[in-house]
Amino acid sequence: MTKRLDLRVDFAFKSLFGTHGNESILAAFLNAALRFPDEKKIQTVQLLDPHFNKENQEDKRSILDVHAQLEDGSRVNIEIQLNNKHDMEKRTLYYWSKMYSSQMKEGMDYGELCKTITINIVNFRYLSHINHYHSTFQLYEREQKLLLTDMIEIHFMELPKLLIKWRNREVDPREDQLVRWLLLLEASEDEEITQVLEEIAMQEDHVLKKAIDEWERVSQDPEVLLGYEARRKALLDEKSALKRAEKLGEERGEKKGIQKVALGMIQEGIDSKMISKLTGLTIEEVEKLRHQ
């Protein structure tokens, strides 16, 4: 069997979920993610131009989101993130605001604005204080827990937390459709997950079967593979850059701590040679601190 694309790479995710002709796959994922009751299940979705943020046309990242409109006019933006850049809450609020405001046309009444939803699928632990892999945020009054409006809805789906629950047999893709769709994103790296999902697809879930077949097809498409490999390399480079930045930050923080200790020694009248020996700073660095 051909090695399938890693669907956690945003380019591959969009190739499956955000491509014209695959709207039924996206609708099935959204029905699972948004937990609509049966009578309100999404039947069709319309894929929209992902460049809703016209001020940032040069931002190549934005075109890898999946942007769709539901039958009731609600807008949904799905973003998948492999690397933690520590800006998710600000990033998602920014995209939510641009997507919400982009609905407004000249002469339009505010009452015509539709609900706007952002879904963030992340390949790292983001909300460390809770164990749920799927968290939903809305605008509530702090004490009374009164919902101000349902116009804003922000989802975080943390794949590492789901994998832990899967390995501990705390979730079952046969019983929970969101679990099966999110596990599909991990399936390229896990034969057991792949086998279970293929069994479900053959036995009961024809849309999942369509998704797996389409996943197989795009994984063999030379044009898709070219874009996928370029994006995967860019994400690996980004990950390396983030690690270097984190390491540099740690080193700077450690250096500041050492300098603080050295300053305390200077105030105690300890000579520069001894401070250098105890802290690892050069005598020149100690003297510089002494004359600050």
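User: Which residue meets Arg 8 in a salt bridge?

Analyst: This is a predicted model, so local features need pLDDT of at least 70 and side-chain atom pairs count only at pLDDT 80 or more, while totals for chains, interfaces and linings use all residues. Residues are numbered from 1 along each chain as its sequence is written, and side-chain values use heavy atoms, with hydrogens and water left out. A salt bridge here means a side-chain nitrogen of Lys or Arg within 4 Å of a carboxyl oxygen of Asp or Glu. At 3.1 Å, N to O, the side chain of Arg 8 pairs with that of Glu 186.

User: Are Arg 8 and Glu 186 buried or exposed?

Analyst: Buried means under 20% relative accessible area, exposed over 50%, and partly exposed in between (1.4 Å probe, protein chains only). By that rule, both Arg 8 and Glu 186 are buried.

User: Where do Asp 10 and Arg 231 lie?

Analyst: Their side chains form a salt bridge at 2.8 Å, N to O. Helices are DSSP runs (H or I, at least four residues), numbered from the N terminus. The two residues are 221 apart, in distant parts of the chain: Asp 10 in helix H1 and Arg 231 in helix H8 (residues 222-267).

User: What is the relative accessibility of Asp 10?

Analyst: Asp 10 counts as buried. For Asp 10, the value is 2%.

User: How many salt bridges are there by this rule?

Analyst: One more example is Glu 216 with Arg 4, at 2.7 Å, N to O. Counted by this rule, the salt bridges come to 19.
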